[in-house]
Amino acid sequence: MPEGHTIHRLARDHHKWFGGSVVSVASPQGRFSEGADRLDGLKFKRATAHGKHLFYEFVDDGTKGLWVHIHLGLFGRFRKRKLPPQTPGQNTRMRLMNDKRCVDLSGPTRCEVLTHRGRKDVVHRLGPDPLLDEFDAEHFIASLSKRRSAIGAILLDQSAVAGIGNVYRSELLFQHRLDPFTPANQLSEDTLAALWDTAVDWLHIGVQTNRIITRFDGGSPRALPKRERLMVYKKRFCIACDEPITVSTQRQRTLYHCPRCQVARV
DNA sequence: TTTTTATGGTCAC
DNA sequence: TGACCCTAAAAAT
């Protein structure tokens with residue numbers, strides 16, 4: 001589930017459900033007890049997202065800031081619970097609740113309390129986020145023009161672009177018929193700009209629909225059957241030329257690409 | 001029933 | 001490069 005669109009959607013939903021309200025925070029699992037004890041009963045100010053990082057700001061009397069930082073990693077997941085909720089399961093890291101809503105978080109890579117400074121440190125390590133900086137293609141282009149690593153590797157590097165994950169990577173490369181192993185600095189500004197624009201479009205659609213969709217045959221994206229929402233990720237044959245899709249590993253993640261359509265180019 | 005896989009990331013060597 | 005963290009569901013047996 002979690003690429004950037006998921007996190008931004010969570011921020012949007014959680015802000016709507018909890019923003020401005022007094023919340024109860026608990027850690028049934030115990031691994032976030034310290035944070036939960038500190039936040040329980042405070043006012044939830046807002047939820048924001050940057051790349052794959054979710055942040056909650058709480059109202060606090062000090063000046064250092066009071067934030068929760070959540071990173072879902074590969075397994076992290078939020079589940080909505082109806083009120084009144086049942087006793088949480090053993091793996092519930094955090095339960096967040098007010099008088100109208102309840103969500104349970106399980107399996108995150110990170111769930112921690114941070115100060116303003118701590119949050120800034122996290123965000124500072126991230127590159128531009130197509131969902132936050134959509135008009136900042138320049139920044140992305142300038143950064144990638146300097147990098148010699150393969151474009152397929154760079155798309156997963158959160159310090160280059162924040163929010164793109166393994167599915168969007170393969171799909172973006174296919175959309176632009178790029179060989180994943182082309183060094184980024186060999187790509188033209190036009191190509192990089194086109195990549196960025198596609199990322200902006202797709203991620204917005206992802207937030208809107210709460211799913212990854214990269215294939216559109218007219219009509220509303222949501223109408224497409226699940227199997228037809230992607231072009232190359234986990235496909236066996238190329239939708240354009242019928243050639244078998246190559247499955248490989250790049251930056252420790254499974255990469256799907258068409259060896260015939262995706263050729264190196266500028 | 002067991003094993004593998006997954007839309008992620010960090011750290012040590 | 002590999003070990004490891006975390007959870008759940010799909011796939012293999």
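**View 1. Antiparallel pairing of strands S3 and S4 in the predicted model.** Strand S4, residues 53–58, pairs with S3 in the antiparallel sense over 6 bridges, and within this pairing Thr-48 stands opposite Phe-55 in S4. The two strands form a hairpin with 2 residues between them, and in its turn Gly-51 has a positive phi of about 60°. On S3, which spans residues 43–50, there is also an antiparallel pairing with strand S1, residues 21–22, through 2 bridges; here Val-22 stands opposite Lys-43 in S3.

**View 2. The hairpin of strands S10 and S11.**

**View 3. A patch of positive charge on the surface.** Arg-12, Lys-16, Lys-80 and Arg-101 gather in this patch. Arg-101 lies in the loop between strand S7, residues 92–97, and strand S8, residues 102–106, and Arg-101 counts as partly exposed because its relative accessibility is 34%, a value that falls between the limits of 20% for buried and 50% for exposed.

**View 4. Pro-85 in the loop between strands S6 and S7.** The loop that holds Pro-85 lies between strand S6, residues 77–81, and S7, and with a relative accessible area of 22% Pro-85 is partly exposed. From C-alpha to C-alpha, Pro-85 and Asp-104 are 9.7 Å apart in space, with a separation of 19 residues in sequence.

How values were computed
Residues numbered from 1 in each chain as written. Chains lettered and ligands numbered in written order. Predicted model: local features only at pLDDT ≥ 70, side-chain atom pairs only at ≥ 80, totals over all residues. Heavy atoms only, no water. Pairing = 2+ DSSP bridges. Helix = DSSP H or I, 4+ residues; strand = E, 2+ residues; numbered from the N terminus. Patch = residues over 30% accessible without salt bridge, like charges linked within 9 Å, V, L, I, M, F, W, Y side chains within 5 Å. Areas by Shrake-Rupley, 256 points an atom, 1.4 Å probe, with all protein chains shown as cover. Salt bridge = Lys/Arg side-chain N within 4 Å of Asp/Glu carboxyl O. Lys, Arg positive; Asp, Glu negative; His and termini not counted. Charge placed at Lys NZ, Arg CZ, Asp CG, Glu CD. Buried < 20%, exposed > 50% of the residue type's maximum accessible area, 1.4 Å probe, protein only.
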